[in-house]
Amino acid sequence: WCSEAYLFAVDIKKFKKINDEESSVFKKEAKSLYEKFFNPKSHLLINVDDSTAKEIKEAVQNGNIHKE
């Protein structure tokens, strides 16, 4: 594994433990995950195709975030 993939897996495991998808903590953590792993300026950018990255960005911006 490359370091960013490992760190992403660790952070996602923690994220999935948040029970309430409507809570401010859930939304804050989702935004943090986006900034850390999907923002084009991130140093830990995860390799995903452009359409997936765009979909994730829009979901975070619109607050339409789900664990699945």
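In the predicted model, the face of helix 2 that is turned away from its buried side carries the exposed residues Ser24 and Lys28. The buried residues of this helix are Phe26, Ala30, Leu33, Tyr34 and Phe37, and, seen down the axis of helix 2, they fall within an arc of 100 degrees, so that they line one face of the helix. An α-helix has 3.6 residues a turn, so residues three or four places apart point the same way. The buried residues of helix 2 pack against helix 1 (3–15) and helix 3 (50–62). Helix 2 itself, comprising 14 residues (24–37), reaches 20 Å from its first C-alpha to its last, which is close to the 20 Å expected at 1.5 Å a residue.

The largest pocket has a volume of about 420 Å³ and is lined by 18 residues, of which Phe15, Ile56, Ala59, Ile65 and His66 lie nearest its centre. Helix 1, helix 2 and helix 3 are the elements that give two or more residues to this lining, and the largest share, 5 residues, comes from helix 3. By class, the lining of the largest pocket consists of 11 nonpolar, 3 polar and 4 charged residues.

The second largest pocket holds about 160 Å³ of space, and its lining includes Tyr34, Phe38, Pro40, Asp50, Ala53 and Lys57. Tyr34, one of the residues lining this pocket, is also among the buried residues of helix 2. Helix 3 gives the most to the lining of the second largest pocket, with 3 residues, and the lining is made up, by class, of 7 nonpolar, 1 polar and 3 charged residues.

Conventions: Residues numbered from 1 in each chain as written. Predicted model: local features only at pLDDT ≥ 70, side-chain atom pairs only at ≥ 80, totals over all residues. Heavy atoms only, no water. Helix = DSSP H or I, 4+ residues; strand = E, 2+ residues; numbered from the N terminus. Expected span 1.5 Å × (residues − 1). Buried < 20%, exposed > 50% of the residue type's maximum accessible area, 1.4 Å probe, protein only. Arc of directions from axis to C-beta. Contact = heavy atoms within 4.5 Å. 1 Å grid on protein atoms, 1.4 Å probe; cavity = no way out; pocket = protein on both sides within 12 Å on 5 of 7 lines; lining within 4 Å. Points joined across faces, edges and corners; volume = space filled by probe spheres on them. Nonpolar A, V, L, I, M, F, W, Y, C, P; charged D, E, K, R; others polar.
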